[in-house]
Amino acid sequence: MSTATDTPGSAAAGEKKKAPAGERVADWADGRLGIFSLAKANMRKIFPDHWSFMLGEVALYSFIIIILTGVYLTLFFHPSMNEVEYHGPYVPMQGVQMSEAFASTLDISFDVRGGLLMRQIHHWAALIFLAAMFVHMMRVFFTGAFRKPREVNWLFGFLLFVLGMFTGFTGYSLPDDLLSGTGVRFMEGAILSVPIVGTYLSMFLFGGEFPGHDFIARFYSAHVLLLPGIMLGLLVAHLILVFYHKHTQFAGPGRTNKNVVGMPLLPVYMAKAGGFFFLVFGVISAVAALFTINPIWVLGPYRPDQVSTNAQPDWYMGFPEGLVRVMPGWEINVAGHSLVLGVFIPLMILPVVLGAIAVYPFIESWVTGDKREHHIADRPRNAPTRTGFGAAWIAWYFVLLVGGGNDLWATHFHLSINAITWFVRIGFFVVPVIVFVITRRICLGLQRRDRDKVLHGRESGTIKRLPHGEFVEVHEPLNQEQLHTLTAHEQYQPAEIGPGTDENGVERKVSRGQKMRAKLSKGYFGESGQIPKPTSEEYREIESGHGHH
Amino acid sequence: MSSETGPHENVSDENLPSAQEPGHGAVARKDDPFADPGLPPHEPRIQDIDEKAARRSERAVAFMFTLSMLATVAFIASYVAFPIDKIIFVWPLGHVSALNLALGLTLGIALFCIGAGAVHWARTLMSDEEMIDERHTVAAEPAVREQVLADFKQGAKESAMGRRKLIRNTMFGAVALVPLSGVVLLRDMGPLPEDKLRHTAWAKGKLLVNENTNEPLRPEDIAVGSLTFARPEGLEHHDEDFQQEIAKAALMLVRIEPKDIKDKRELDWSHDGIVAYSKVCTHVGCPVSLYEQQTHHVLCPCHQSTFDLSDGARVLFGPAGHPLPQLNISVNKDGYLEAQGDFAEPVGPAFWERG
């Protein structure tokens, strides 16, 4: 093989030892795929360690689990709306008229050994997938890990979250049970509210009037092929960019913006991350065995004229549900046409709520005007305005989630549904503002504490009595590693517009955008936006003064 | 830096922190108490210095891998041993499928133990010495950039795209038009709406069939305080389009003292206090189904729209935008309830053409 010709020097020695089998396989593959160059860059790639970095891993692994169990489910599921009479082993449903989709889901649950488990793992993993993506997204947001060069990866992740929602929705609609059918009906009602083309969209999507005979098959191809296909592509791109950019790390001794400190992929992360996949899978399996989810046999097959109470979507669909529930029922008739604002406005606010967080990286980079790469993750307290926005967005999301479960809140906490509705209506506008202000103040307070710690040392808990009787607590100075870590973050100065005239006295043109940028920059980085971090001069002055503990 | 912040020339760059990082040579300068002291020295774990401890870790990892193997054997045994219909009582879960529980738990243990073993192995036995990789800026070196742009310009020039505008424009036209074929192909995904949403299976003379008993309803079947569901005569569960017809035709009946009916038309369209309303919520189409006997309010369980059945089903609360349509009913000569025609307006959620 190539070794013989590539290294004539050693080969000439005559003792041609045969390379081990593994190496020979690797050589074969390298000659065709170039794996050695690939492995050179990646096999010992360094990954920094922090507990919050595993949130994305949870999302990744639950996605893999969903694909594995999903493929299994396709072996038995019939995506058909043909009406059949059930004669399977589940006695309470015998003789009941239902779609083949529902009947085959009953078969998976009661006829296929392990089928129920696969269904339960699939559904639980889907809930965890969405939750993990949400929390992962928050981690990236609050640590500023979306900054250059990672903005595009932020968008990939955001798209994965949104597509995940729709994949989940199309998935839980497939069994054609009473609850999911009601959810599809809701969607159809929402589509009908679209001005001008609403009825056309509905007819085309359902192949006629609701529910028709087509939507299960159509949702099926979207759920198992179209959406996961796009998501798989985005996921691969997401991971390639994580490798390419190298992971962010928190500030600390020896950790700079120009390096990455941690452990190598082989063997540590291979074992840790690979092992973590099994941990996630194991936990989800056990949860699926212990806690029943989506018991479609209790709900029964879908009929458009029947409904169950507590009609709740899966959690990630809760916030659009909230928008629809609390919106006043506005309907306007214009020249013989209905403008169904009560449904259409929520439908339009949905992308606004989601999009607000998607565009944030671009807004922040415009305000800071910062075009440098950032690889050191921020502590949330050191970016109070950003942290405030993030907390406000989460609060916004959760207010709507409360609206989506207003009936459960009412029954579980004995509240008036009217009161909850008004809370959500007002809270939609007010709660994010309050949360923003409070969060920013908490961040500033934490910054002050860091500042005190750096300048005056940490509280040791030791009380000392001075000669004149006064008691003081002894503060222990921090070591240099701690001092560095607490002062490593950067602080921007607010951008200035500068004088209104240039050096020749000619009036400078300052666009409205620039004025706004300066104003925002002041809000972000002005006196009320951050606590100046201690300087070494301040530190030395206090050190030399002594006694000023 | 200033050249890169081009678009913001009116705003000073002073706001950017001057030095992004202390020289990462990690030499603590004497004059800066906050300087980066560099990576702290590696501290060995007990397993690094004590072979006995390392052995213990090895045994722990091997134990977990072995446990996983046993759990997989138990999984296969459960698959064979438990009949699929065996229900057992397990506190606090209640009555659950024995097979499902056994398979899930054994699979969970088998997987979890592999993970736990691998992670324990990595944490205690693999080197935990931190290493440093250098980062490189993503953006290319200026020379590379110039080269690529020059290559692109050369390529663009050789294609003569800028010079031969006729080619360029017709190409854009062709590429822009060709997806239309795909759009046109979508046309047969469904029929046009026409007036399909305006009509239901109800018509003059159609009897009201009780949804529970499948018998035609007589006025005396409808007691005060009860909520009765009905469908039009001739619509059967086995019908090909039963689902889409019942989605529009579903009807609910209540009996209200005629003196309590506040709406004039409602009274006219009722029979002896029996009023018939569409069961399909006018918000997004859930079946309205919770009836409050005393107040004659009905509530949609999906989004809590509440309608007053004694007052033309007007909306009392919730996101619905208009009242439930009423069906004009009377009694035929045989004493059965019958419809006097279709609903006067479209049932269900509002739409653009509804007017």
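Predicted model: local features only at pLDDT ≥ 70, side-chain atom pairs only at ≥ 80, totals over all residues.
Buried means under 20% relative accessible area, exposed over 50%, and partly exposed in between, with a 1.4 Å probe and protein chains only. By that scale P37(B), at 27% relative accessibility, counts as partly exposed. P37(B) belongs to the segment before α1 (46–49) of chain B, where helices (H or I, at least four residues) and strands (E, at least two) are DSSP runs numbered from the N terminus.

Residues are numbered from 1 along each chain as its sequence is written, chains are lettered from A and ligands numbered from 1 in the order in which they are written, and side-chain values use heavy atoms, with hydrogens and water left out.

**The interface between chains A and B**

The size of an interface is often given as the accessible area lost when the parts come together. Here the buried area (accessible area, 1.4 Å probe, that two parts lose on being put together, summed over both) is about 10500 Å² between chain A and chain B, with carbon and sulfur atoms giving 61%. In chain A, the residues that lose the most area to chain B are R113(A), F204(A) and E209(A), together 7% of what that side buries. Contact (heavy atoms within 4.5 Å) involves 138 residues from chain A and 110 residues from chain B.

Between the two chains there are 4 salt bridges, each a side-chain nitrogen of Lys or Arg within 4 Å of a carboxyl oxygen of Asp or Glu. In the one formed by R303(A) and E211(B), the closest N and O atoms are 3.1 Å apart. Helix α12 (residues 265–290) of chain A supplies 16 residues, the largest share of the side of chain A that touches chain B. That side of chain A has 59 nonpolar, 48 polar and 31 charged residues; Ala, Val, Leu, Ile, Met, Phe, Trp, Tyr, Cys and Pro count as nonpolar, Asp, Glu, Lys and Arg as charged, and the others, Gly among them, as polar.

S285(A) lies in helix α12 of chain A and is buried at 0% relative accessibility. Leaving out residues up to four places away in sequence, S285(A) touches L117(A) and I121(A), as well as G104(B), L107(B), G108(B) and L111(B).

Strands also pair across the chains, pairing being called when DSSP finds at least two bridges between two strands. Strand β5 (residues 259–264) of chain A and strand β3 (residues 131–134) of chain B run antiparallel and are joined by 4 bridges. V261(A) has I132(B) as its bridge partner in β3(B).

**Backbone geometry**

Most residues other than glycine have a negative phi, and most peptide bonds are trans. The exceptions below are local features of the backbone.

| Site | Feature | Value |
|---|---|---|
| K148(A) to P149(A) | cis peptide bond | omega near 10° |
| L266(A) to P267(A) | cis peptide bond | omega about 10° |
| Q304(B) | positive phi, not a glycine | about 65° |
| A313(B) | positive phi, not a glycine | about 55° |

P149(A) sits in the loop between α7 (115–142) and α8 (151–173) of chain A, whereas P267(A) is in helix α12 of chain A. Q304(B) occupies the loop between β9 (297–299) and β10 (306–308) of chain B and is buried at 4% relative accessibility. A313(B), in the loop between β10 and β11 (314–317) of chain B, is buried with a relative accessible area of 0%.
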